[in-house]
Amino acid sequence: MVKLKDPVLMASVGAAQGLRGDVRVRCFSANPLSVGDYGHLHAEDGRSFEILEIRPGKNNMVVIRFRGVNDRTAAEALRGLDLFIERENLPDDELDDDEYFYADLEGLDVFDDAGNNYGAVSAVFDFGAGDLLELKGPGRRPVLIPFNENAVLEVDFEDGRILIDPVAAGLIDENDDDNPDFPGAGGA
């Protein structure tokens, strides 16, 4: 049993596939077939899963056979299981300058160029129309902003902050000075 220090969600197990213990797995990597390239996958309860065989499926899915999962009953017992890897196993050197791991964005404070704080990134979502950052701040409801070059001007990991354009992010209306929900509104 292994407990990860800095887990990154890589995949989620779906339905059993066939009778030999294969499972359908939804991958959260750019290339679903690469999910096994980072070492064993781990469940939150500490179980470790070694991939014996992987083949493509449909819609960002793969079909995987894990060591020790040898029949349909064992495969069905894994349904809904989230699988993680240790963050340090992800290859930073393969990223372009404008590419980020979602896990690295979470926790960064979000500011505009006037120094107003909009909270911190609590999650990153992709519902199909582009990436969204969820921002949460004390006493505020969570909000979603687009994670694109118009809304997010700079990501600074050294200072732990993200610089945004609040108008492009949809947080304030440049013609509305009476929005008390966000810093910088109300004529400040």
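In this predicted model, I164 is in contact with V110, F111, D112, D113, Y118, I145, A151, V152, L153, A169 and L171, when residues up to four places away in sequence are not counted. I164 belongs to strand 13, which covers residues 161-164. The residue has a relative accessible area of 1% and therefore counts as buried, the limit being under 20%. The C-alpha atoms of I164 and V8 are separated by 25 Å, and the two residues are 156 places apart along the chain.

## Strand 13 and its sheet

Strand 13 runs parallel to strand 8 (residues 109-111), and three bridges join the two. Within this pairing, D109 has R161 as its bridge partner. Strand 12 also pairs with strand 13, here in the antiparallel sense and over four bridges. V155 has I162 of strand 13 as its bridge partner. Strand 12 and strand 13 form a hairpin with four residues between the strands, and G160 takes a positive phi near 65° there.

These strands are part of an open sheet of six strands, arranged in the order 11-10-9-8-13-12 with mixed pairing. Strand 11 (143-146) and strand 12 (152-156) each have a single partner strand, so one side of each is left without a neighbour in the sheet. From one strand to the next, the twist averages 35°. Elsewhere in this order, strand 9 (residues 117-126) and strand 10 (residues 131-136) are antiparallel and share six bridges. A123 stands opposite E134, which lies in strand 10. In general, the strands of a sheet pair through backbone hydrogen bonds, in either a parallel or an antiparallel arrangement.

In soluble globular proteins, nonpolar side chains tend to be buried together. The largest nonpolar core of this model has 24 residues, of which M10, V25, F66 and L83 touch the most other members. Strand 1 (7-17), strand 2, strand 6 and strand 7 are the elements that give two or more residues to this core. Strand 1 provides the largest share, five residues.

Leaving aside neighbours within four places in sequence, V25 is in contact with A11, S12, V13, G14, N60, M61, V62 and I64.

## Salt bridges

The structure holds nine salt bridges. Three of them are set out below.

| Salt bridge | Closest N and O atoms |
|---|---|
| D22 with R20 | 3.7 Å |
| R65 with D22 | 3.0 Å |
| R87 with D104 | 2.7 Å |

D22 takes part in a salt bridge with R20 and in another with R65. R65 lies in strand 6 (residues 61-66) and D22 in strand 2 (residues 22-27), so this pair ties together parts that are 43 residues apart in sequence. Both partners are buried. D22 has a relative accessible area of 3%, and the value for R65 is 15%; each therefore falls under the 20% limit for a buried residue.

The side chains of R65 and D22 also make a polar contact, at 3.0 Å. Not counting residues up to four places away in sequence, R65 touches R20, D22, E50, I51, L52 and E53.

The salt bridge between R87 and D104 links distant parts of the chain, as the two residues are 17 residues apart. R87 lies in the loop between strand 7 (82-86) and helix 2 (102-105), whereas D104 lies in helix 2. R87 counts as buried at 10% relative accessibility, while D104, with a relative accessible area of 24%, is partly exposed. Through salt bridges that share partners, R20, D22, E53, R55 and R65 are joined into one network.

Note on methods
Residues are numbered from 1 along each chain as its sequence is written. This is a predicted model: local features need pLDDT of at least 70, side-chain atom pairs count only at pLDDT 80 or more; totals for chains, interfaces and linings use all residues. Side-chain values use heavy atoms; hydrogens and water are left out. A salt bridge is a side-chain nitrogen of Lys or Arg within 4 Å of a carboxyl oxygen of Asp or Glu. Buried means under 20% relative accessible area, exposed over 50%, partly exposed in between (1.4 Å probe, protein chains only). A nonpolar core is a set of buried Ala, Val, Leu, Ile, Met, Phe, Trp, Tyr and Cys residues joined through side-chain atoms within 4.5 Å. Contact means heavy atoms within 4.5 Å. Two strands pair if DSSP finds at least two bridges between them. Axes are lines fitted to C-alpha atoms, for helices over the stretch in contact, and angles run from 0 to 180 degrees between N-to-C directions. A polar contact is a pair of N or O atoms within 3.5 Å; within protein, one must be able to donate a hydrogen and the other to accept it, and residues adjacent in sequence count only if both atoms are side-chain atoms.
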